[in-house]
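Please open the structure in your viewer and keep the selection tool at hand. The stops below are meant to be taken in order.

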Amino acid sequence: MKGLLQRKFLHVVVILTMVLAIGPMSAMAEQSKDHKADATVQQAKAAQNVPKTGFEKRDGDGWTTTEEESQFLKEVASKSDRVTYSVVGTSNEHRPLNLVKVGFPKAPSDADIAAGHNILIMGTPHGNEPSGHEASLMLLRDLAFTDDPDLLETLKDATILFIPEPNPDGREANTRGNADGIDNNRDHLKLETPEIQAVESVINKFQPDIVVDAHERPSAKGNPDLEVLWARNFNVDKPLYEISKEMVQDYVRPDVENAGFTTGLYGNPPGSGSGSEQILRNMSGLRHSIGLLTEAPGQQEPKRRVEMQRAAMDSVLNFYHERFDEVTGITEQSKVNKEEDGANQKPFYLSGTRDWDQTEYPPTILDPAPKGYLITDSQAEDINRHIHLFSLKTEKVGNNGIYVSMKQPMMTIVPLLMDHGADFNEVDGIPIYDTDNPGTAGNAKSLADFYQEQGEFKNDQAAAKVIAHLTVIHHAEQLGQSNKVVKHLKGFKVLVGQQEQNENISDRAAHMLNNYADYLLEKWQ
């Protein structure tokens, strides 16, 4: 009996113990539910406090205006220490071009951005192609408030720059061009428009590792949805070209397709998709950045177009995070490689497109490339904005000349700006193949010698006449006999004209030697 009572007592104790234990556990469960409910409420409140674009407020029924962009950026920057922004330029009609900088734990200074690494995302260079504008605004906002560890790591390592609206006048008027009707995406070499001057000043200052250029095909309905492309100019450093292509083919296209969209490559020869130096995709590569073009279909529903642009931008950030060391190494080495190419007179392409059939679309090549170009002071003044915005290194020659060496990282655009044979050259520079005393008759004779070696004369007799005449001018030059120098230079121009008319000299050689004579006449008269 005693044992039975003990057993009953123990049974009661166990039951009481379980009851006592369950009580607090039940209370803890209730508290947990309360905490989860509180967290959900807090998240909902936070979501309500996150700034929204005009496009989002209207649920896609109307694009974000320039005024709404300014208010949106002001609100984002006021609520997140990660974001700062400034006006880096104004359009023809005095609308602002905003540059937004996003970093972690806060946006760095301009000096720190320039000394470190960054990427640049551009929306809507063409005013009637607005989906990139919306995607860039949404992305910069999401980066300002994200808790994603990979994105935060990227923001610690690099700054994400945005120019959401680089053509505000075109966006206001819903036109492709700017207020003057100029296609801003054909101005990255000429640098004629205030909008592209502002864009290129940002690129020149911060030298981004990647540049995203968001466009649309206004009449396209899809099939595919998003078209993309990399820099195809032949003068882009080969490893940079290869990783640019890899980013598109192995990251952007699969990621966009996983987001529910079809993809394809933009353009067909001989038109769109070329290696033209006028457009940002290729100019980015020439500036040692990975350049990406995105093209959404303008006839699809607006929210869908924005979503596919955003999927491409997200993919670029993922690629940058995963391959950061490799990307930054290649972009930095590109500058070194091209400076060495310039010093070694490696072939330079005045035209042509990588990935196109070279037999059907043959490029124009300088082989060997000049060591540099000689231009007059007045020509240098004409391209002063290019010298500044491309950070070209120049050297004063005599009292009326400027020498621009190919031994520099931005040799990638020097012949495109200065060579007579380039499609969009700004000045007619004199190619220099011998750097001894440029800007002299003796150096002009060296150029004639080079043309003879290259077979630019019909025969040795034709070459001998030209070279002999330059030898006489060089002798008078050494003696300081200005009257004789001028007299013989004028005679030299007549001789070259006769040789060209008789087809004894190539058009290029005749043109360059005439230019050199004009340069020397300006110097001595």
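Against which elements do the buried residues of α18 pack? They pack against α17 (460-478) and α19 (507-524), where contact means heavy atoms within 4.5 Å. This is a predicted model, in which local features need pLDDT of at least 70 and side-chain atom pairs count only at pLDDT 80 or more, while totals for chains, interfaces and linings use all residues. Residues are numbered from 1 along each chain as its sequence is written, and side-chain values use heavy atoms, with hydrogens and water left out.

Select residues 482-501 to see helix α18, whose 20 residues should span 28 Å at 1.5 Å a residue, which agrees with the 29 Å between its end C-alpha atoms; the expected span is 1.5 Å times one less than the number of residues. Helices (H or I, at least four residues) and strands (E, at least two) are DSSP runs, numbered from the N terminus. Within α18, now colour V485, V486, L489, F492, L495, V496 and Q499, which are buried (under 20% relative accessible area, with a 1.4 Å probe and protein chains only). After α18 comes E503, whose phi is positive, near 60°.

Next, select strand β8 (residues 290-297), where 8 of the 8 residues are buried, so the strand is largely enclosed by the rest of the structure. I290, L292, T294 and A296 lie on one side, and G291, L293, E295 and P297 on the other.

Strand β5 (residues 210-217) pairs with β8 in the parallel sense over 8 bridges, and V211 has G291 as its bridge partner. Strand β6 (residues 226-230) runs antiparallel to β8 and is joined to it by 4 bridges, with L293 as the bridge partner of L229.

Conventions:
Buried < 20%, exposed > 50% of the residue type's maximum accessible area, 1.4 Å probe, protein only. Pairing = 2+ DSSP bridges.
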